[in-house]
Every structure is written in C-alpha cells, then in structure tokens.
Amino acid sequence: MAMPRPTAAQLAYGSCTVIFSTLAMLLLSQTSSAVGIAITAVAALALGLLVAMTVPLSGKRPAAVEHPAPEEPVRASVPAPAPAPERVRERAVS
C-alpha cells in the first residue's frame, strides 16, 4: 500500500510549527549548550510532525455515497393547457 503524499496545508502547518516552536523554546530556555539545542530541535520536529499529521482530521469530509442509477429514466409529462375560449365581441349598433 502506497503512502499518501502530504498536502500543502500539512506542509505549511508542520513547517510553521517547527520554526516557531524552535524559536520559542530556545528563547524561553535560554540554553547555549549543544545538547540543549539538539533536544529543543528534536522536540520541535516531533511537535511539527504531530501537527502536520492531525491537519486532515479536523477538515475530514465524509466520503461520497454512490447511489445506483434508476432502471428507467423518470420523465415528467405536463399536459398542454387547453386553449382558452375566445371571447366574442359584439358590436354595438349605433
């Protein structure tokens, strides 16, 4: 079974999450060691992957249901309106 490709929304949300969470964690922790930066980067990548994988769940649409085609096409027939009786105009004799 082939793995589905990520959508543009997944790539955008995941990338933004990694960038902003990395910056936020580095600024809040104020770490300067290589180990601290590596842990922060791994945590940000994991968070970005989690966000990217949950994007389709929020906007999931139900699958289209296939209805079988009717056996015969239904044709509506409307009878033609009956002609209106013509009014006879009488001329007044002057």
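Trainee: Where is the place of T17?
Mentor: This is a predicted model, and in it T17 sits in helix α1.

Trainee: Is T17 buried or exposed?
Mentor: The way to read that is from the relative accessible area, where buried means under 20%. T17 has a relative accessible area of 18%, so T17 counts as buried.

Trainee: Which residues does T17 touch, not counting residues up to four places away in sequence?
Mentor: A contact means heavy atoms within 4.5 Å. On that basis T17 touches T22, L47, G48 and V51.

Trainee: What about T40, buried or exposed?
Mentor: T40 belongs to helix α2. Its relative accessible area is 8%, so T40 is buried as well.

Trainee: And which residues is T40 in contact with, leaving aside its neighbours within four places in sequence?
Mentor: Those are T22, M25 and L26. Notice that T22 turns up in the list for T17 and again in the list for T40.

Trainee: Now L45: is it buried or exposed?
Mentor: L45 is another residue of helix α2. The cut-off for exposed is over 50%, and L45 has a relative accessible area of 53%, so L45 is exposed.

Trainee: Let's zoom out. How many helices and strands does the chain have?
Mentor: Two helices and zero strands. Of its 94 residues, 12% count as buried. The chain exposes about 9,300 Å², and carbon and sulfur atoms supply 66% of that area.

Trainee: How should I think about pockets?
Mentor: Rolling a probe the size of a water molecule over the atoms shows where empty space is left. In this model, the largest pocket has a volume of about 370 Å³. It is lined by 18 residues, and P6, T7, Q10, A52 and M53 are the closest to its centre.

Trainee: Which helix gives the most to the lining of the largest pocket?
Mentor: That's α2, with seven residues. Both α1 (8-29) and α2 (34-58) supply at least two residues each.

Trainee: And what is the lining of the largest pocket like by class?
Mentor: Count nonpolar, polar and charged residues separately. Here the lining has twelve nonpolar, five polar and one charged.

Definitions and conventions. Residues numbered from 1 in each chain as written. Predicted model: local features only at pLDDT ≥ 70, side-chain atom pairs only at ≥ 80, totals over all residues. Heavy atoms only, no water. 1 Å grid on protein atoms, 1.4 Å probe; cavity = no way out; pocket = protein on both sides within 12 Å on 5 of 7 lines; lining within 4 Å. Points joined across faces, edges and corners; volume = space filled by probe spheres on them. Helix = DSSP H or I, 4+ residues; strand = E, 2+ residues; numbered from the N terminus. Nonpolar A, V, L, I, M, F, W, Y, C, P; charged D, E, K, R; others polar. Buried < 20%, exposed > 50% of the residue type's maximum accessible area, 1.4 Å probe, protein only. Areas by Shrake-Rupley, 256 points an atom, 1.4 Å probe, with all protein chains shown as cover.
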